[in-house]
Amino acid sequence: MTERASALRAPASFPGLEQITRFVLGLVRRASLPDQAGYRLRLAVDELATNTVTHGYRDGGGEITVYGGVEPDRVWIRLEDQADCFDPRTRLHPPDPATPLQDRPIGGLGIYLALTSLDEFDYAYVSGRNVMTLTVRR
C-alpha cells in the first residue's frame, strides 16, 4: 500500500529543525520502520537540515520544505530549500583513519555518515531550489 505523500514547511531555524524531526519520526512510525532504518533516516535528515540552517541560510531567514512518503518497499523524504546551491555529494569523502584526529579537517564527517547511512540519495538544483531525496528500504 502506498501512502499519499505528506508535507511540512518549517522555518530554517533551530526550532524549525525540531518540527522536521517530529515530521520524520511520525513518518517512521506510520511506516513501522525497524529501529535501525528509522534511526538512519532521522540521522541523515537531521544532518542535512542542520547544514541548511547553519551554512545555507547563514544570514538567517529562509524555509525548508519537507515531503515524505511510505511505499511498499521504501520510505522517502525530500528536503527542499532556496539556500545557495550545494550538492552534499561533493563532500562525500570517507575519513582517513591514518590521519590523527587533531590533523583532520573540520567538517564533512556528518555528511559522510548521513549519506552512507541511506539506501539511496539524490540531489538536484531545480529552479533555484536544492532538492534532496533520501530513501531507506523497508
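Start with the hairpin of β4 and β5. It has two residues between the strands, and Ser127 takes a positive phi near 50°. Keep in mind that this is a predicted model: local features need pLDDT of at least 70, side-chain atom pairs count only at pLDDT 80 or more, and totals for chains, interfaces and linings use all residues. Residues are numbered from 1 along each chain as its sequence is written, and side-chain values use heavy atoms, with hydrogens and water left out. Helices (H or I, at least four residues) and strands (E, at least two) are DSSP runs, numbered from the N terminus.

β4 and β5 (residues 129–137) run antiparallel, joined by seven bridges. Strands count as paired if DSSP finds at least two bridges between them. Phe121 has Leu134 in β5 as its bridge partner. For Ala124, the partner in β5 is Val131.

Now the other neighbour of β5. Eight bridges join β3 to β5, and these strands run antiparallel too. Here Asp81 has Asn130 of β5 as its bridge partner.

Next, the whole sheet. It is open, with five strands in the order β1-β2-β3-β5-β4, and the pairing is antiparallel. β1 (6–11) and β4 (120–126) stand at the edges, each with a single partner strand, so one side of each has no neighbour in the sheet. From one strand to the next, the twist averages 15°.

What lies across the sheet? α1 lies across β1, β2 (63–70) and β3 (74–81), at about 165° to β1. α2 packs on the sheet as well, touching β2, β3, β4 and β5, and its direction makes about 165° with that of β5. Contact here means heavy atoms within 4.5 Å. Axes are lines fitted to C-alpha atoms, for helices over the stretch in contact, and angles run from 0 to 180 degrees between N-to-C directions.

On to the helix pairs. α1 (residues 14–31) and α2 (residues 35–56) pack at an angle of about 160°, axes 10 Å apart. They are therefore roughly antiparallel to each other, the term for angles over 145 degrees. From α1, the contact residues include Phe14, Leu17 and Ile20; from α2, they include Leu41, Val45 and Ala49. By class, that contact has ten nonpolar, four polar and two charged residues. Ala, Val, Leu, Ile, Met, Phe, Trp, Tyr, Cys and Pro count as nonpolar, Asp, Glu, Lys and Arg as charged, and the others, Gly among them, as polar.

The contact is made by Leu43, Ala44, Glu47, Leu48 and Asn51 of α2 with Gly110, Ile111, Leu113, Ala114 and Leu115 of α3. By class: seven nonpolar, two polar and one charged.

Last, charges. How many salt bridges are there? The count comes to nine, taking a side-chain nitrogen of Lys or Arg within 4 Å of a carboxyl oxygen of Asp or Glu. One joins Glu71 and Arg74, at 2.8 Å, N to O. Another joins Asp73 and Arg137, at 3.3 Å, N to O. Asp73 lies in the loop between β2 and β3 and Arg137 in β5, so this pair ties together parts 64 residues apart in sequence.

Conventions:
Angles under 35 degrees count as roughly parallel, over 145 as roughly antiparallel, 65 to 115 as roughly perpendicular and the rest as oblique.
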